[in-house]
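Thanks for asking for a second pair of eyes on this one. Here are my notes, to be read with the model open beside them.

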Amino acid sequence: MKLGIGELTALRWDDIDFEEHLLSVNRTLLYQPIYGESENVYQLQSPKSENSRRVVPMIPDVEKMLKKHRKEQ
């Protein structure tokens, strides 16, 4: 199963289950440019549909990178 970039960037630590090796998709990050402005708006929103809310398996390489990132935080 694939995750979109908005789903990936919206993940929080409580969405990650390292013991079961799962990611819970509960929100997405939307980018909204503002006409005439130099800055943009990013908003966390619910997924487009209920089917978009899902639990996906975490591959070992991703898990390794996430554990490293969390340790560095």
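The points below go from the basis of the model to the whole chain and then to single residues.

1. A word on the basis: this is a predicted model, in which local features need pLDDT of at least 70, side-chain atom pairs count only at pLDDT 80 or more, and totals for chains, interfaces and linings use all residues. Residues are numbered from 1 along each chain as its sequence is written, and side-chain values use heavy atoms, with hydrogens and water left out.

2. The protein chain holds 2 helices and 5 strands, in the order α-β-β-β-β-β-α from the N terminus. Both kinds of element are DSSP runs numbered from the N terminus: helices are H or I with at least four residues, strands E with at least two.

3. Along the principal axes, the C-alpha atoms fill a box of roughly 45 × 30 × 20 Å.

4. How much of the chain is buried? Of its 73 residues, 25% are, where buried means under 20% relative accessible area, exposed over 50% and partly exposed in between, with a 1.4 Å probe and protein chains only. Among contacts with a separation of 6 or more, 44% join residues 24 or more positions apart; a contact means heavy atoms within 4.5 Å.

5. The side chains include 11 positive and 12 negative ones, and the centres of the two sets lie 3 Å apart. Lys and Arg count as positive and Asp and Glu as negative, leaving out His and the chain ends; the charges are placed at NZ of Lys, CZ of Arg, CG of Asp or CD of Glu.

6. Do look at the 1 aromatic pair. The ring centres of Tyr-31 and Tyr-42 are 5.4 Å apart with planes at 45°, so the pair is tilted (centres within 6.5 Å; under 30 degrees is stacked, over 60 edge-to-face, the rest tilted). Because Tyr-31 sits in strand S3 (residues 28-33) and Tyr-42 in strand S4 (residues 40-45), the pair ties together parts 11 residues apart in sequence. Tyr-31 is partly exposed at 46% relative accessible area, while Tyr-42 is exposed at 52%.

7. Lastly, His-21 has a positive phi, near 60°, although this residue is not glycine. His-21 lies in the loop between strand S1 (16-17) and strand S2 (22-25), and is partly exposed at 37% relative accessibility.

Conventions
Phe/Tyr/Trp six-rings, centres within 6.5 Å; stacked < 30°, edge-to-face > 60°.
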